[in-house]
Amino acid sequence: MRGLIFDIKRFAIHDGPGIRTTIFMKGCPLRCIWCHNPEGISPKPQVMYFEYKCIHCYTCVNVCPQKAVYFDEGGMQRIKRDLCTVEQGCRICGDMCPTTATKIVGRYITVEELMQEVMKDANLYDDSGGGVTFSGGEPLFQPQFLMEALKSLRRRYIHVALDTSGYSPTEVLKAVEPLVNLFLYDLKLFDEEEHKKYTGVGNKVIKKNLKFLVERGRAKDIYLRFPVIPGITDTSSNVEGWAKFLQGIGKFERIHLLPFHDVSEKYRRLGMDYLMPAREAPSEEKMKRIAERFEEIGLEVVRGG
Ligand code: SF4
Ligand code: SF4
């Protein structure tokens, strides 16, 4: 059993309580146009290029067996995606680049290997009230690997948080729910059509799964997360829709407001298109108004994390 991850972040302090190790899993069924972790969208490995580290030695061009790498007139590395076999397991350009300017994003890992990584900081979890967080991408997109990892962590009494869009078959959520201590649950667009427009999928199952967790008595174990995306999620009608919905289904304790920031560079490095029209972070006034509305329904509002 192997899972595909794109990063393991140690000493994380924004992904749940205490000091944590966050595992970023690859693959997500959503296509949020503002996605801050585009490395997590594709369920396959990818080539990423960090131009500021490149010394233009052309090793990557010379070692590529597919002749898929070239440099454009501006000195930027380009990959011919139709020739590149990174998805089939090639990592040559990343392994051979002397400066890590070329990096293969995504590696397969067994549950045992993952446990070796996360147990390095077991003492810190105990001392700080921390643990392990699964993020991504969408961790529920690799349910079998996730289940095995969760069981392994439960056997070791490690606190687990699951950062999820809530977009998954309810059966999958039912299976993992008893093994998760804390859910970091994203709310995006309240309107079904708007949700489809900006994330590529509808939100019915997301609302259904949130209700399911509440019915299981887990409302107190949920940190709601609301990305504040200018002109998209920050409208008063969207905030109002969620506020009324939340009030109607259960007693939640806190919501995190996650302000938009421009990550166009990441998309460029992955050779992906960045479709976000706005580039500016939400105004202080906007953040304040959204916070006030959620406070009115009894939520503690936390900025960031
Ligand atoms: S991953 Fe392999 S095929 Fe793709 S660009 Fe690098 S060396 Fe070439
Ligand atoms: S091998 Fe690395 S440093 Fe050399 S040209 Fe390629 S990306 Fe740049």
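Which residues in α8 meet which residues in α9? I began my notebook with that contact.

**Entry 1. Conventions.** I noted that this is a predicted model, in which local features need pLDDT of at least 70, side-chain atom pairs count only at pLDDT 80 or more, and totals for chains, interfaces and linings use all residues. Residues are numbered from 1 along each chain as its sequence is written, chains are lettered from A and ligands numbered from 1 in the order in which they are written, and side-chain values use heavy atoms, with hydrogens and water left out.

**Entry 2. Helices α8 and α9.** I located α8 at residues 204-215 and α9 at residues 236-249. Helices (H or I, at least four residues) and strands (E, at least two) are DSSP runs, numbered from the N terminus. I found K207, L210, K211 and V214 in α8 meeting W242, F245, L246 and I249 in α9; contact means heavy atoms within 4.5 Å. By class, the residues of this contact are six nonpolar, no polar and two charged. Here Ala, Val, Leu, Ile, Met, Phe, Trp, Tyr, Cys and Pro count as nonpolar, Asp, Glu, Lys and Arg as charged, and the others, Gly among them, as polar.

I then looked up the geometry. The two helices, α8 and α9, pack at an angle of about 30°, with their axes 10 Å apart. That makes α8 roughly parallel to α9. Axes are lines fitted to C-alpha atoms, for helices over the stretch in contact, and angles run from 0 to 180 degrees between N-to-C directions. Angles under 35 degrees count as roughly parallel, over 145 as roughly antiparallel, 65 to 115 as roughly perpendicular and the rest as oblique. The crossing of α8 and α9 is right-handed. A crossing is left-handed if the near helix is turned anticlockwise from the far one by less than a right angle, and right-handed if clockwise.

**Entry 3. Helices α9 and α11.** I followed α9 to helix α11 (residues 284-296), where the packing angle is about 20° and the axes are 10 Å apart. That makes α9 roughly parallel to α11. I recorded a right-handed crossing for α9 and α11. V239, E240, W242, A243 and L246 of α9 make the contact with I290, R293 and F294 of α11. I counted six nonpolar, no polar and two charged residues in the contact of α9 with α11.

**Entry 4. Helix α3.** Which residues of α3 are buried? In α3 (residues 111-118), I listed V111, L114, M115 and V118. Buried means under 20% relative accessible area, exposed over 50%, partly exposed in between (1.4 Å probe, protein chains only). The arc is that of the directions from the helix axis to the C-beta atoms. An α-helix has 3.6 residues a turn, so residues three or four places apart point the same way. On the other side of α3, I found E112 and Q116 exposed. The cover over the buried residues of α3 includes β1 (2-12), β8 (131-136) and α5 (143-155).

**Entry 5. Helices α3 and α5.** I read an angle of about 45° between α3 and α5, with their axes 10 Å apart. The two helices, α3 and α5, are therefore oblique to each other. Their contact joins V111, L114, M115 and V118 of α3 to F145, E148, A149, S152 and L153 of α5. It comprises seven nonpolar residues, one polar and one charged.

Leaving aside neighbours within four places in sequence, L153 is in contact with M115, V118, V132, F134, I158 and V160.

**Entry 6. D121.** Is D121 buried or exposed? I found D121 in the loop between α3 and α4. D121 is buried, with a relative accessible area of 5%. Setting aside neighbours within four places in sequence, D121 is in contact with R10, F11 and T21.

**Entry 7. Helix α7.** In α7 (residues 192-199), I listed E192, H195, Y198 and T199 as buried. They fall within an arc of 140° seen down the axis of α7, so they line one face of the helix. The face turned away from that buried side carries the exposed residues E193 and K197. What covers the buried residues of α7 includes α8.

For T199, I recorded a relative accessible area of 0%. T199 touches L30, R31, C32, W34 and K188, not counting residues up to four places away in sequence.
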